[in-house]
Amino acid sequence: MTTPDRVIVPLDVPTREQAIELLDLLPEVTFWKVGLELFVSTGADILGILNERGKKIFLDLKFHDIPNTVAGACRAASRYNVDLLTLHATAGRSALAAAKAAVSIAPSPPKLLAITVLTSLSARELAFDLKIPLELPEYALEMALLSQESGIDGAVCSPREVRELRRVCGDDFLLVCPGVRPDWAVKGDQSRTLTPSEAIAAGADYLVIGRPITGADNPREAWARICQELAAV
C-alpha cells in the first residue's frame with residue numbers, strides 16, 4: 001500500500017457542489033470518506049460520482065440499531081460498491097454478526113469497521129457522562145475484541161489506542177484512525193490525537209485526516225506535506 005492510499009480524506013461538506021469542488025481540488029487523493037452530513041444531503045448520488053472517478057469509498061454512517069435494522073442497512077449500503085462501512089460496536093454482538101452475514105452475500109462486500117469509542121470523547125466523559133466503569137483504553141479494546149469475535153473486519157479507534165489494539169487483535173484486523181493531526185495543525189474537537197507518522201508507527205492501517213487538509217489555506221500543499229511526512233516513516 002502506497003502512502004497516499006493510507007490517507008482517507010473526508011468529504012465533510014453539506015452539498016454535492018462543494019464535494020465536487022474538493023474532488024477537483026485534490027485529484028491525487030484516492031480514498032474519500034462520506035459521512036452523515038453529505039450522505040443525508042445528497043443520498044447515494046455522491047457515491048456514484050466517486051465510483052465514476054475510480055475512487056475508494058469509506059462510507060462512515062455508524063449504524064446503531066437493533067440487529068435486523070443494522071443488517072438491512074448494511075445490506076443496502078453494500079450495493080453502492082463502497083470499500084469500508086462503519087457501525088457501532090455498542091450495537092452488540094447480535095447486530096455485529098447480523099451485519100457481517102448481510103454483507104457477505106454481496107458481489108463486492110465492503111469491509112465492516114466497528115466504532116470503538118468516538119475520538120471526540122475524553123476519559124472523563126466516558127466515566128462521568130456515559131457511566132462506563134472501565135478506563136477508556138480498556139473499553140476501546142473490549143469493543144474491538146467483541147467486534148473481532150463477531151466477524152467484523154476491523155475497528156475505528158483513536159491513535160492513542162491503536163498500538164494496544166494492534167498487539168492484541170493481530171495484523172489481519174483493520175485499524176482506521178480518525179483524529180490524526182500533524183504537529184502544524186489545530187486539534188479542534190479531537191481529544192486523543194497523534195501525528196500521522198506516529199499513528200502509522202503505532203499500527204494504523206489507514207488515517208482519516210480532514211480539517212488539516214480541507215480546512216487549510218492551501219489544501220493541495222497540506223496534502224503533499226502530509227504525504228511527504230508519511231513517506232519517511
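Predicted model: local features only at pLDDT ≥ 70, side-chain atom pairs only at ≥ 80, totals over all residues.
A residue counts as buried here when its relative accessible area is under 20%.

Helix 3 spans residues 45-52, and I46, L47, I49 and L50 in it are buried. These four cover an arc of only 160° around the axis, which puts them on the same side of helix 3. Just after helix 3, G54 adopts a positive phi of about 75°.

Let's turn to the strands, starting with strand 2. Here F31 and K33 point one way while W32 and V34 point the other way, and all are buried. Strand 2 pairs in the parallel sense with strand 1 (residues 7-10) over 2 bridges, and V9 has W32 as its bridge partner. To get from strand 1 to strand 2, the chain passes through helix 1, and this β-α-β crossover is right-handed. Strand 2 also pairs with strand 3, again in the parallel sense, over 4 bridges; K33 has F58 as its bridge partner there.

Leaving aside residues up to four places away in sequence, E37 touches D12, V13 and P14. The C-alpha atoms of E37 and I57 are 15 Å apart, with the two residues 20 apart along the chain.

Strand 3 also leads us to some annotated positions. In an unreviewed entry, UniProt lists D60, K62 and D65 under "active site". K62 is found in strand 3, and its side chain makes a polar contact of 2.7 Å with the side chain of D60. Is K62 buried, exposed or partly exposed? It counts as partly exposed because its relative accessibility is 26%, and the cut-offs for that class are 20% and 50%. Beyond residues up to four places away in sequence, K62 touches T86, L87, H88, I115 and L118.

D65 sits in the loop between strand 3 and helix 4 (67-77). With a relative accessible area of 40%, D65 is partly exposed. Its contacts, not counting residues up to four places away in sequence, are with V70, A91 and A95.

Key: Residues numbered from 1 in each chain as written. Heavy atoms only, no water. Buried < 20%, exposed > 50% of the residue type's maximum accessible area, 1.4 Å probe, protein only. Arc of directions from axis to C-beta. Contact = heavy atoms within 4.5 Å. UniProt positions renumbered as here; feature names shortened; annotations may be inferred. Polar contact = N/O pair within 3.5 Å; in protein donor to acceptor, adjacent residues only side chain to side chain. Pairing = 2+ DSSP bridges. Right-handed = clockwise from strand over helix to strand, strands pointing away.
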